[in-house]
Amino acid sequence: MLPNDETLFDKVVNLSKRRGFVFQSAEIYGGFRSTYDYGPLGVLLLRNVKEQWWRSMVQLRHDVVGLDASILSPPAVWQASGHLANFSDPMVDCRECGARHRQDKLDDPNACPSCGKSGSLTEAREFNLMFKTHAGPMVESAAEVYLRPETAQGMFVNFANVLNTSRKKPPFGIAQIGKSFRNEITPGNFVFRTREFEQMEMEFFVPPEDSDEWYRYWCGARMDWYLDLGMPEDRLRLREHDADELSHYSTGTSDVEFAFPWGWDELEGIANRTDFDLKRHAESSGTKLEYHDPASGERYVPHVIEPAAGATRTAMAFLMAAYDEEEVNDDVRTVLRLDHRLAPYKVAVLPLSKKPELIEPSNEVLGLLQPHWMCDYDQTQAIGRRYRRQDEIGTPYCVTIDFDTLEDRAVTVRDRDSMTQERVPIDGLVDHMAGRLPA
Ligand code: GAP
């Protein structure tokens, strides 16, 4: 049973706060709008999303290497990339209520969505989304620097460094996960659009004549990644941009979109960026950014296929896709049906009671499991309520230590989805779980 779309959003936001996935940043000071902190469960979910991306994009491939470039960078980078001139959104203000909006997101471009007043909006003006700060001790003399609005440019700027040190040749990619910052005019929808967020981007450098083939390949590969991690097929789609939506440097872009409660919206963009970025940085820096094939003597500037995903946005989409409610014994059970690889905790260890004779074997079981998987431990409240608490945060297995354990050295393993239980000897528990959980 799925709650209807309007309630799903509220339920997931509520669960996120209540169970420690996501907190409003600086909440005790009234909250800092549009920034969020990831709590004990959120940090695990986010790490798992990023780890799965890294595994599929880097670990399981021979043609992609990693990078961790700096967040602060000089204006020259953003001048060359075009961000200083073009990375802006059209902003309008309401003369009636003072609200500020992104013009391209308004349903009715003549009316203010905050107060409803018609004809109250100003002319649109372009607002650059980059955050600027100063490097050095004195603001007046210090150099202006920017917080990166995307991780991508760090990979273009390091193209020659990576090429010269990694012994890779096109087709090859550079992958990076990290924070990006955008001074969004209208952040919102919880962590969907924030001013500080995490991206997972890969720049794949290819011979120009192969770029279309690689573009199609990455569109397919990226869709498969979401589906393999449990995104339902009917809530995911690949939408190819029309010609009038394309950036001036792109010959093809497709968005992976998820059916959010407010409608289809973007999780990731896959773009054929041609040779635009490398050429711009080569011109601006005076450094050759090309590939020289020693066998054929050929020199060329590779074209780039870029799958660019949002880690924080994707983690939220996985939460929404996993949220489920079902009726069990006249009660509603909330369960996060997260893929085991994404679940924050893989196993919860639950002594049936707080009696000291059960704590010792419980600690033994925890000690056996912890080296392999992230485990939770909970010894308070009735066991039924503790099962429900684990269901609600997506823990695939609960291991219960009861008074029979003292006799038979066996424990009860309960499955989150089917709620079935089986008795497993402690000595075989790690092998038993290893057959069911990711390594
Ligand atoms: N290098 C290309 C690039 O950055 P983008 O479509 O602007 O492309 C890629 O960003 C992804 O980053 C988006 O699909 C989205 O998932 C995520 N993203 C972008 N802006 C965001 C924001 N303000 N808050 C959260 N995620 C964002």
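Trainee: Which element gives the largest share of the lining of the largest cavity?

Mentor: Please bear in mind that this is a predicted model. Two elements give two or more residues to this lining, namely helix H2 (40–59) and helix H9 (311–322). Among the lining residues are Gly42, Leu45, Thr312, Ala315, Met316 and Leu319. The largest share, four residues, comes from H9.

Trainee: What is the volume of the largest cavity?

Mentor: The search of the whole structure finds one cavity of 30 Å³ or more. Its lining has nine nonpolar, three polar and no charged residues. The volume of this cavity is about 70 Å³.

Trainee: How many charged residues are there in the shell around the ligand?

Mentor: The shell draws at least two residues from each of strand S11 (196–206), strand S14 (263–274) and strand S17 (303–310). Of the 19 residues around the ligand, those that come nearest are Glu150, Glu184, Thr194, Glu201 and Glu266. By class, the shell has six nonpolar and three polar residues, and the number of charged residues is 10.

Trainee: What percentage of the area that the ligand exposes when taken alone does the protein bury?

Mentor: Consider the contacts first. An oxygen atom of the ligand is 2.6 Å from an N or O atom in the side chain of Glu266, and an oxygen atom of the ligand is 3.1 Å from a polar backbone atom of Gly310. Taken alone, the ligand exposes 550 Å², and the share of this that the protein buries is 89%.

Definitions and conventions. Residues numbered from 1 in each chain as written. Predicted model: local features only at pLDDT ≥ 70, side-chain atom pairs only at ≥ 80, totals over all residues. Heavy atoms only, no water. 1 Å grid on protein atoms, 1.4 Å probe; cavity = no way out; pocket = protein on both sides within 12 Å on 5 of 7 lines; lining within 4 Å. Points joined across faces, edges and corners; volume = space filled by probe spheres on them. Nonpolar A, V, L, I, M, F, W, Y, C, P; charged D, E, K, R; others polar. Near = heavy atom within 4 Å. Polar contact = N/O pair within 3.5 Å; in protein donor to acceptor, adjacent residues only side chain to side chain. Areas by Shrake-Rupley, 256 points an atom, 1.4 Å probe, with all protein chains shown as cover.
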